[in-house]
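Dear colleague,

Please find below the structure that I am handing over to you.

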Amino acid sequence: MTEETTRVVVLGAGYAGLMAAMRLANKTNRRSVAITLVNASEDFNERVRNHQLISGERLPQRALAKMLANTRIRFLPGTVVALDPHHHIAKVETGAGVPVDLRYDYLIYTLGSHVDVGPTRGATQHAYTVDERSAAALAPLLPDLAARKARVLLVGAGNTGVEVSTELAERFPGLRVTVVTRGSFASNLSEAAKRHIRRAFSRLGITLIENTEVTSLDPDQANTISGPIPFDVCIWVGGFAVSDLARSAGVRVNERGQILTDRAMRSLSHPDIYAAGDAAMPADDPGTPIRMSLYAAGPMGAHAADSLAALLRGRQPSPFGLSYLAQGLSLGRRDGVVQFLNWNTDTALGLIITGRIANWFREFFVAFLLLTIRLQPTVPWVFYWPGKNK
Ligand SMILES: Cc1cc2nc3c(=O)[nH]c(=O)nc-3n(C[C@H](O)[C@H](O)[C@H](O)COP(=O)(O)OP(=O)(O)OC[C@H]3O[C@@H](n4cnc5c(N)ncnc54)[C@H](O)[C@@H]3O)c2cc1C
């Protein structure tokens, strides 16, 4: 490395971080820009498949070192424990005892999110989540639980709650699955999509309890204003939260802790920090509300790379734009629903696809995105997103 080398450190190798690092590897000069990618685990976690992980499906193991083998990206397995933006340092715990000081000229912050168990008493102690470790811990217990017709309670009925409950009920028909939600379920979908999901719930024997808030969890029951709901296993799927690292470091964040960025994905408070994916939120309207989703994480990661590459070449970055065309939910392995959206207003249209073809649609989208990420170092143009030039 020469004195003139620009050090870019990407924190988090989820969809946004991997996309950003891979794309930057193509768009910057290998002699003058060094890219380091840090991730807590050595394998890439295909998070949108964590419901399959819970149900015990053997998913392909993807070692990050192998995925990055033919790129010029240096991979550093380790957990980011602190940021010092003033001195341009990320502190990384690598298992060697003392955290390593990783110095950067530019940082891309893509640490994603985790399931938000919130302040509910007992939730941390008595509930599993759909986060990777928790999902992997629960998976081996389920065959026995199914054999004794155990009661599984899912708290939360957003898209993730719908996907997890249907996956479990289909894979383990012996389980008695109940979903409880404080509002109504899948509130962002059209009536037609909801009807299809209700039919899937009833086919799979899933009980849905709406408008019921879980106020606390005991080891064997969820307490609600309408009375207790007994369970053998509870899985918390209610919403995502982000790490407190950015806030603690004095980086400007919103009330959820997401780094506030301009439309170049650049931090409003620290221009040498870019942020993307679940951990970021553009403060200027990019043409649509940004949801914590794979759908948004890929484009945000790509745009962060494009903006930084433009800056390093002395060019003006273009503003980030995004439109949602559709969202796909799996309902087990044989059913699904694709909800088409008005791409200007981001509202659900009456148009949906259901059944096996909808499931394939989601599978195709997830597999295609990962493929385009892997192709970034050679052919970055294969990834283009709707609303890019909004
Ligand atoms: C079961 C499930 C189903 C889903 N289905 C869909 C779907 O159908 N469509 C959709 O659009 N979205 C879906 N999502 C949401 C989607 O998975 C997330 O929005 C997406 O993964 C966000 O990508 P990201 O790169 O920002 O973060 P992540 O994918 O969370 O990646 C963050 C990375 O940072 C690493 N990391 C975190 N903290 C640290 C640290 N301190 N040090 C080092 N590394 C760290 C993590 O290990 C991870 O590799 C689903 C989520 C779940 C859980």
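In what follows, a contact means that heavy atoms lie within 4.5 Å. The model is a predicted one.

By that criterion, tyrosine 109 touches Leu11, Leu83, Ser243, Leu245, Ala246, Ile259, Ile273, Tyr274, Ala275, Ala276 and Ala279, leaving aside residues up to four places away in sequence. Tyr109 also belongs to the largest nonpolar core, which has 72 residues. Together with Leu11, Leu18 and Ile108, Tyr109 is among those with the most contacts inside this core. Helix α10 (residues 294-312) supplies the largest share of the core, 10 residues. There is also a second, separate core of 49 residues, with Leu53, Val152, Leu175 and Phe185 among its members.

I turn now to the ligand. There are 30 residues around the ligand, and those that come nearest are Asn39, Arg47, Val80, Asp278 and Leu294. By type, the shell divides into 13 nonpolar, 13 polar and four charged residues.

Several backbone atoms face oxygen atoms of the ligand. A polar backbone atom of alanine 16 is 2.9 Å from a ligand oxygen, and for leucine 294 a polar backbone atom is likewise found 2.9 Å from an oxygen atom of the ligand. For serine 293, the distance from a backbone N or O atom to a ligand oxygen is 3.1 Å. On its own the ligand has 1,000 Å² of accessible area, of which the protein covers 87%.

Two or more residues of the shell come from each of α1 (15-27), β4 (79-84), α7 (159-171) and α10. Helix α10 gives the most, with three residues.

With kind regards

How values were computed: Residues are numbered from 1 along each chain as its sequence is written. This is a predicted model: local features need pLDDT of at least 70, side-chain atom pairs count only at pLDDT 80 or more; totals for chains, interfaces and linings use all residues. Side-chain values use heavy atoms; hydrogens and water are left out. A nonpolar core is a set of buried Ala, Val, Leu, Ile, Met, Phe, Trp, Tyr and Cys residues joined through side-chain atoms within 4.5 Å. Buried means under 20% relative accessible area, exposed over 50%, partly exposed in between (1.4 Å probe, protein chains only). Helices (H or I, at least four residues) and strands (E, at least two) are DSSP runs, numbered from the N terminus. A residue is near a molecule or strand if one of its heavy atoms lies within 4 Å of it. A polar contact is a pair of N or O atoms within 3.5 Å; within protein, one must be able to donate a hydrogen and the other to accept it, and residues adjacent in sequence count only if both atoms are side-chain atoms. Accessible areas come from the Shrake-Rupley method with a 1.4 Å probe; for residues, only the protein chains shown count as cover. Ala, Val, Leu, Ile, Met, Phe, Trp, Tyr, Cys and Pro count as nonpolar, Asp, Glu, Lys and Arg as charged, and the others, Gly among them, as polar.
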